[in-house]
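Have the sequence and the model open side by side for this one.

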Amino acid sequence: MANKDYYASLGIQKGASEDEIKKAFRKQAIKYHPDKNQGNDEAEAKFKEVNEAYQVLSDPQKKSRYDQYGTVDGDPGFGGGGAGGFGGFDFSDMGGFGDIFDSFFGGGGGGGRRPNGPTRGADVEYSVTLTFEEAVFGIKK
């Protein structure tokens, strides 16, 4: 959805009101609707573009992000850009967040156990035979 001029797709000016956006969408949707333009791939593509523009501009949060950053994905300088996330910088060779937390909290890859905390004991398993009434009402054995 990045790098598209949704206002131009609907034929309106930036800063248009909700009513103007809705009216422009309806006008464009009727004009390019697939039922009205059967077999016309160009009209179908334009209808999808108009629909996408309306989905963004009719939602106040998406519209705000789009007006501020030119995309609904958020600030293009901080992620969402595809090329490694942070504005084109590639941090893939630096390890994951687990490496950062391990360095601060002393994790040595031991399955999340705390080095100074208590260690887990061995599991204990017993077989006990109960009657139906004992199982329903409870009993100490």
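What percentage of the 141 residues in the protein is made up of buried residues? Buried residues account for 21% of them, where buried means under 20% relative accessible area, exposed means over 50%, and partly exposed lies in between (1.4 Å probe, protein chains only). Before going further, keep in mind that this is a predicted model, in which local features need pLDDT of at least 70 and side-chain atom pairs count only at pLDDT 80 or more, while totals for chains, interfaces and linings use all residues. Residues are numbered from 1 along each chain as its sequence is written, and side-chain values use heavy atoms, with hydrogens and water left out.

Helices here (H or I, at least four residues) and strands (E, at least two) are DSSP runs, numbered from the N terminus. Of the contacts between residues at least 6 apart in sequence, 40% join residues at least 24 apart; contact means heavy atoms within 4.5 Å.

Now for the rings. Searching the whole structure turns up three aromatic pairs. Rings of Phe, Tyr and Trp (its six-membered ring) pair if their centres lie within 6.5 Å, and planes under 30 degrees apart count as stacked, over 60 as edge-to-face and the rest as tilted. One of the pairs is Tyr6 with Tyr66, tilted, at 4.9 Å centre to centre and with 45° between the planes. This pair links distant parts of the chain, since Tyr6 sits in helix 1 (residues 6-10) and Tyr66 in helix 4 (residues 60-69), 60 residues apart. Tyr6 is buried at 1% relative accessible area, and Tyr66 is buried too, at 7%.

Tyr66 has another partner: the ring centres of Tyr7 and Tyr66 are 5.9 Å apart with their planes at 40°, so this pair is tilted. Here again helix 1 and helix 4 are linked, with Tyr7 and Tyr66 59 residues apart. Tyr7 counts as buried at 4% relative accessibility. Put together, Tyr6, Tyr7 and Tyr66 form one aromatic cluster.

Stay in helix 4 for a moment and find Lys63. Is Lys63 buried or exposed? Lys63 is buried, because its relative accessible area is 17%. Neighbours within four places in sequence aside, Lys63 is in contact with Tyr7, Ala16, Ile21, Val56 and Leu57.

Next, look at how two helices pack. Two packed helices are described by the angle between their axes and the distance between the axes. The axes of helix 2 (residues 18-32) and helix 3 (residues 41-57) come within 9 Å and cross at roughly 165°. Axes are lines fitted to C-alpha atoms, for helices over the stretch in contact, with angles running from 0 to 180 degrees between N-to-C directions. That makes helix 2 roughly antiparallel to helix 3; angles under 35 degrees count as roughly parallel, over 145 as roughly antiparallel, 65 to 115 as roughly perpendicular and the rest as oblique.

Which residues make the contact? Helix 2 contributes Ile21, Lys22, Phe25, Gln28, Ala29 and Tyr32, and helix 3 contributes Ala43, Lys46, Phe47, Val50, Asn51, Tyr54 and Leu57.

Finally, Glu44 lies in helix 3 and is partly exposed, with a relative accessible area of 34%.
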